[in-house]
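Here's a quick tour of a protein model, covering a helix, a sheet and some salt bridges. Have a look at the fold, then read on.

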Amino acid sequence: MINGFTLRMLPKVPVPTLDQTMAEYLRVLSPIVTAQQLDHTRSVIKHFTAPNGPGTALQQYLLDKRDADDNWAYYYWLNDMYLDNPLPLPINSNPGMVMPPRKFTTVNDISRFGARLIDHLMLHKEMLDGGGLVQERATSREKGQPLCMAQYYRLLGSCRRPGDPRDSQYLPEQRTDEHVVVCCRNQMYCLPVKAGDRGRLNEDEIASQLLYILNDAPCLARKPPRIGVLTTAQRPQWARDRQMLLLEEQNARNIELIEQALVLICIDEPIPLTYNARGFNGSPAGAHYCGGRDESNMAQEMIHGGGSEFNSANRWFDKTMQLIICNDGTWGLCYEHSPSEGIAVVQLLEGILKKIDEMPAEAGNDTAQNHLPPPERLEWIVRPEIDLRVREAARSIDRSIEDLDFYVYRYKPFGKNFIKACQVSPDVFIQLALQLAYFKLVPVETLPHVESQPGLLEKRRSGGSTMTSCPLPSCPVPDSANRFQHNPITLTLPRQTFTLNCPQHKHKHAPLSIRCQNQVHASVRNSLFRVIVTRLYGHLVSTYESASTRRFMLGRVDCIRSASSEALEWAKAMCQGEGANVTLESDKEDDYSAEAANDAKKRDNLRELFRCAAARQTEVMVQNILGHGIDIHLLGLREASKELNQGTVHDLFTDDCYKIANCFLLSTSQVACSTNSFMGYGPVTPHGYGASYNPHPNEIIFCISAFFSSDKTSASRFARSLQDSLDAMRDLLS
């Protein structure tokens, strides 16, 4: 029983057969590793699955565990995915969600909106406590199966706790009194919203309490300590900092209030326009703007707060739900991912928004509710060592934020209506578009290294094959549409250095003089840029897409691996004879889809390859949602190997292929929203991409992330490649 929800009506997660998982594992590895690596893994698997090999005993161990536990895989997965991960939560783990902006004209508007959010959260909590949550059922693939609702009960009143070597979770308990914690200008307040002796506050009373906070926080005699910034640190470091805080009884009480609060309400200041998107030439406009801030800016506020000088200390990143309201009308949330998947969070927030929008626009009674004591300020006792750690944590999160390359990109030519008309699943279609976009993309490290006047470049990187920027602001080379004047530029290519005199830089260069040691190289003159643009990735990488396993007791997710051999063959065919499509902002007349349209045989072949790739993607998706994915099973076998062998694991889990397979250079997820909202997150590896997507009827919203410190990735260039890939797929299937 979980807060009134009976789990026993659901089946247990199955344990796939050993032969099935190993065969699928080899099939998954084929497009992302070398033939030599694959042969080595094949021999390791042969030993592992031999009649007297270790695999048989480990498989039986998992089968026995399935009989004994509600969900044999749950804690293996939870610990591996979240609680054992030492990385900081902001950017690396916590997603941020942007909701449609509000219009605030006075501080009363902010307090009224916040009060309505809290009031409806309380109504939702009462519904949960009363057992009124409607049972959801599967809408595809064995339709009508009941779905596990356990994660819906973990959203309110829960919190993650740092540990070393493993974090833990504080999960909600049913209580007679409830409170929220409000953060405003780094000062935290405890706002009781329900008491056992008087019931819960009404909307007007909550609005009055929030108004008190909004008036009090800016007028404090001294700035409050930025304790919240400590939650941005590496998890083992934050665990040590937390232990230091707990030495003081007052601090311990504050932490207890935060952890037990239903939610955090974070009232923010806008972050600078420097967080706006660094898009590409011709990139579409967004749908939401607030005072010059674009959607990429808003998303970054939700993900990390904008830095220690803005809102990153106005947070407690361990808290499951932090509702963020900015005084310019931007709002959304940051949520800690370990208790729940995005679907539960999105449904809760969108349901509350719908009810608020149905309410009358006029405010209630904004006069002070003098019968209520004011919210309690949480005061901290800050020892010198804690003060030092606050300053160190602030510098660290500021560096991480500066490194985040984030772009909210709306693809507007079509959405899921067109995809369905092509008789393809929108999710399958978008996953294949992501594979093609990666295959086509020129890695940043293969672009020319451009040097101009010292000190004027936006960014320099080490190595002779990396892209920097034009000395003029907002004119990155080679992605900009702008024309600009150059001094002689040095292009450093492998083993050759050329000097290029380019008086006016455009998308498409006329033949250019390439001079090396004062001699014109005619053979290079007309082919330099062809040499550059044909150096595309040309391969696929390990790709993660979450697949819900809620058909089973305590089910969360498994991994759909979208980088298939079928997808690789299709991507190769789509790019046959072509270079990458994003290096020089090539015109549409050069697009391969136009050539394909003139060649019916080639077009038919491309369509057939696409159908094969889509069928394979669908097959893997169905395997996962029905409990036969390989990742959870492999994880269970690995952990069983540790438990039965004093912490050591079989060679299957230490060879190169296993490491490559679990380094997700493309981390993706569909986060479907009924409102004009979106959710995004950072990459999960230093040289990888994060790519969430939200298909609407006539557009698709992508949140693309990368790191500036990587010489292999660029969010805007990936978005451009994605745009060209989607365009080509439309032309292919029309």
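The expected span of a helix is 1.5 Å times one less than its number of residues. Helices here are DSSP runs of H or I with at least four residues, strands are runs of E with at least two, and both are numbered from the N terminus. With that in hand, take helix α5 (residues 107–129): its 23 residues reach 33 Å from first C-alpha to last, close to the 33 Å expected. After α5 comes Gly131, which has a positive phi near 75°.

A word on ground rules: this is a predicted model, where local features need pLDDT of at least 70 and side-chain atom pairs count only at pLDDT 80 or more, while totals for chains, interfaces and linings use all residues. Residues are numbered from 1 along each chain as its sequence is written, and side-chain values use heavy atoms, with hydrogens and water left out.

β11 runs antiparallel to β22 (residues 700–707) over eight bridges, and Val408 has Cys703 in β22 as its bridge partner.

On to charges. The structure holds 48 salt bridges, each a side-chain nitrogen of Lys or Arg within 4 Å of a carboxyl oxygen of Asp or Glu. Three of them are tabulated here:

| Pair | Closest N to O |
|---|---|
| Asp69 and Lys65 | 3.1 Å |
| Arg235 and Asp318 | 2.8 Å |

Which parts does the Arg235 pair tie together? Arg235 lies in helix α7 (residues 235–246) and Asp318 in the loop between α9 (295–304) and β8 (321–326), so the pair links parts 83 residues apart in sequence. Arg235 is buried at 1% relative accessible area, and Asp318 is buried at 1% too (buried means under 20%, exposed over 50%, partly exposed in between, with a 1.4 Å probe and protein chains only). By contrast, Asp69 is partly exposed at 25% and Lys65 is partly exposed at 22%. Finally, Arg160, Asp167, Arg235, Asp318 and Glu336 are linked in a salt-bridge network.

Definitions and conventions: Pairing = 2+ DSSP bridges.
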